[in-house]
Amino acid sequence: MAAALTVLLIGCLLQTALCGQFKTIIPKTIKVLSGSCVTIPCSFDVETRFDSNIDGTCRAMWKYDEETFMFDSSDPQSSAIQGELKGDLTRKDCSTTLNNMRPEHSKEYFLRVQCNNFRHNFLAQKLHISVTDVPPTPTLTPSTLKVEEGTSVSLKCSAPAPCLSHPPALTWSFSLGHIQESLQENQDRTKVQTSVLTFTASRLHHGKEISCTAIYNKQDGSSQSNSTSLTADISWSAPFMTFMPQTIEVLSGSCVTIPCSFDVEDKYKSKVDETCEAVWKYDQWTVVFNSRTPQTTGHLIGNLKNKDCTTTLNNMRPENSKKYFFRIECNNNLKQDFKTTQVDISVTGRFYSPSSYTSVNNSL
Ligand SMILES: *[C@@H]1O[C@H](CO)[C@@H](O)[C@H](O)[C@H]1NC(C)=O
């Protein structure tokens with residue numbers, strides 16, 4: 001018998017942590033959007049000797065002082081605040097939805113339970129309902145995004161959902177990715193709508209603003225929204241790349257200057273030093289130009305340390321019409337062909353109208 005009682009007591013303690021005394025478990029505060037509803041998660045307990053008095057005759061009332069009640073579950077339609085008792089009082093569940101809240105309803109409420117053989121104001125616990133005109137800002141977690149390209153990113157957006165019949169709709173500015181929505185419960189049993197956006201970070205996202213908007217549809221049919229955002233900071237390691245024109249036309253006998261810049265993979269960045277030389281080729285075997293050897297074929301204009309590979313090639317002939325690519329050769333392990341970008345130099349036949357190519361330095 002004693003053992004059974006202990007089990008009962010422990011079960012009771014685990015369930016509510018408030019056995020056998022007058023108490024409500026309600027949130028301390030809930031923010032509600034004006035014109036919207038609020039669902040109050042609520043449970044209560046009474047001294048054990050009154051347990052049998054909690055029966056089908058009970059009604060729940062929400063009050064902010066001893067005299068007035070704002071809601072009465074026995075007459076929800078003529079209450080100052082209309083609503084609906086959601087819980088079953090005989091199970092000590094006093095969860096209540098109050099509809100169409102107005103700023104003047106911002107008060108500290110307490111529960112009253114009134115039955116044929118029992119009545120009690122649960123004054124020790126109060127719920128502050130704050131009715132606001134502006135919807136709350138959704139929360140982004142994490143609040144900043146700084147990752148490397150290729151990382152799988154999960155951004156969580158959450159917004160309070162005080163009105164269970166009208167949870168906020170969460171939308172993302174950014175549609176590349178998988179979205180999973182759910183309604184979650186806070187520790188005080190208020191609800192929060194969450195949306196998790198999962199995507200793989202790419203350099204294309206860098207600098208983009210990612211925002212989450214919470215749209216609150218209100219009971220009067222109107223809606224209000226608020227949003228929050230972050231700017232994606234995505235880093236990536238540059239591959240070996242050159243940047244130069246796709247094609248250059250040049251008159252036979254003239255020189256040509258190839259505007260050129262390049263980038264190397266991150267781990268080679270420090271290898272681009274004064275020992276490096278610029279080489280131009282059009283196939284694997286033929287070196288057209290090498291800045292290491294004194295040049296009549298051309299000269300390197302750019303400074304390789306500044307990733308500038310701008311080069312002038314002299315005395316171009318029609319047979320030099322080829323696709324050229326840049327190569328870097330340093331006195332360390334950096335020796336690399338940049339084959340992905342090539343410049344197509346087409347040398348056209350001699351066309352003598354000196355004034356038409358004064359800008360071209362004829363090296364003949
Ligand atoms: C969004 O929320 C913030 C903080 O809660 C508030 O100051 C702001 O006015 C809200 N914006 C809109 C558009 O309601």
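User: In this predicted model, what percentage of the 364 residues of the protein count as buried?

Analyst: The model is a predicted one, and burial is judged here by counting neighbours, a residue being buried if 20 or more other C-beta atoms lie within 10 Å of its own. Of the 364 residues of the protein, the share that counts as buried is 26%.

User: Is the protein as a whole compact or spread out, and what is its radius of gyration?

Analyst: The secondary structure comes to 1 helix and 28 strands. For 364 residues the globule rule gives 21 Å, and the value for the protein is well over that, so the protein is more spread out than a compact globule. Along its principal axes the C-alpha trace spans about 115 × 55 × 25 Å, and the radius of gyration is 38 Å.

User: Which strands stand at the edges of the open sheet that has mixed pairing, and why is one side of each left without a neighbour?

Analyst: This open sheet of 4 strands has the order β12-β18-β17-β14, with mixed pairing, and its twist averages 25° from one strand to the next. Each edge strand has a single partner strand, so one side of each is left without a neighbour in the sheet; these strands are β12 (145-148) and β14 (169-172).

User: Which residue in β18 is the bridge partner of Ile210?

Analyst: Strand β17, residues 209-217, is joined to strand β18, residues 223-235, by 9 bridges, and the two run antiparallel. Within β18, the bridge partner of Ile210 is Leu230.

User: Which residue in β16 is the bridge partner of Ser158?

Analyst: Strands β13 (residues 152-160) and β16 (residues 191-200) run antiparallel and are joined by 9 bridges. In β16, the residue bridged to Ser158 is Thr194.

User: Which residue does a cis peptide bond join to Thr141?

Analyst: Most peptide bonds are trans. The bond in question is cis, with omega about -10°, and its second residue lies in the loop between β11 (139-141) and β12. The residue joined to Thr141 is Pro142.

User: Is Lys92 buried or exposed?

Analyst: Lys92 lies in the loop between β7 (83-85) and β8 (96-98), and its phi is near 60°, a positive value in a residue other than glycine. Since 20 or more other C-beta atoms within 10 Å make a residue buried, and Lys92 has 21 of them, Lys92 is buried.

User: How many other C-beta atoms lie within 10 Å in the case of Asn315, which is partly exposed?

Analyst: Asn315 lies in the loop between β26 (311-313) and β27 (322-329), and here too phi is positive in a residue other than glycine, near 50°. A residue counts as partly exposed when its count falls between the limits of 12 or fewer for exposed and 20 or more for buried; for Asn315 the count is 17.

User: With which residues is Gly207 in contact, leaving aside its neighbours within four places in sequence?

Analyst: Gly207 lies in the loop between β16 and β17 and is exposed, with 10 other C-beta atoms within 10 Å. Gly207 and Val250 are 43 residues apart in sequence and 39 Å apart in space, C-alpha to C-alpha. Beyond the excluded sequence neighbours, the residues in contact with Gly207 are Thr231 and Ala232.

User: How many nonpolar, polar and charged residues does the shell around the ligand have?

Analyst: The ligand is surrounded by Val134, Pro135, Pro136, Thr137 and Asn226. Sorted by class, this shell has 3 nonpolar, 2 polar and no charged residues.

Terms used:
Residues numbered from 1 in each chain as written. Predicted model: local features only at pLDDT ≥ 70, side-chain atom pairs only at ≥ 80, totals over all residues. Pairing = 2+ DSSP bridges. Axes fitted to C-alpha atoms, helices over the stretch in contact; angles between N-to-C directions. Near = placed C-beta within 6 Å. Nonpolar A, V, L, I, M, F, W, Y, C, P; charged D, E, K, R; others polar. Rg over C-alpha atoms; globule rule 2.2 N^0.38 Å. Contact = placed C-beta atoms within 7 Å.
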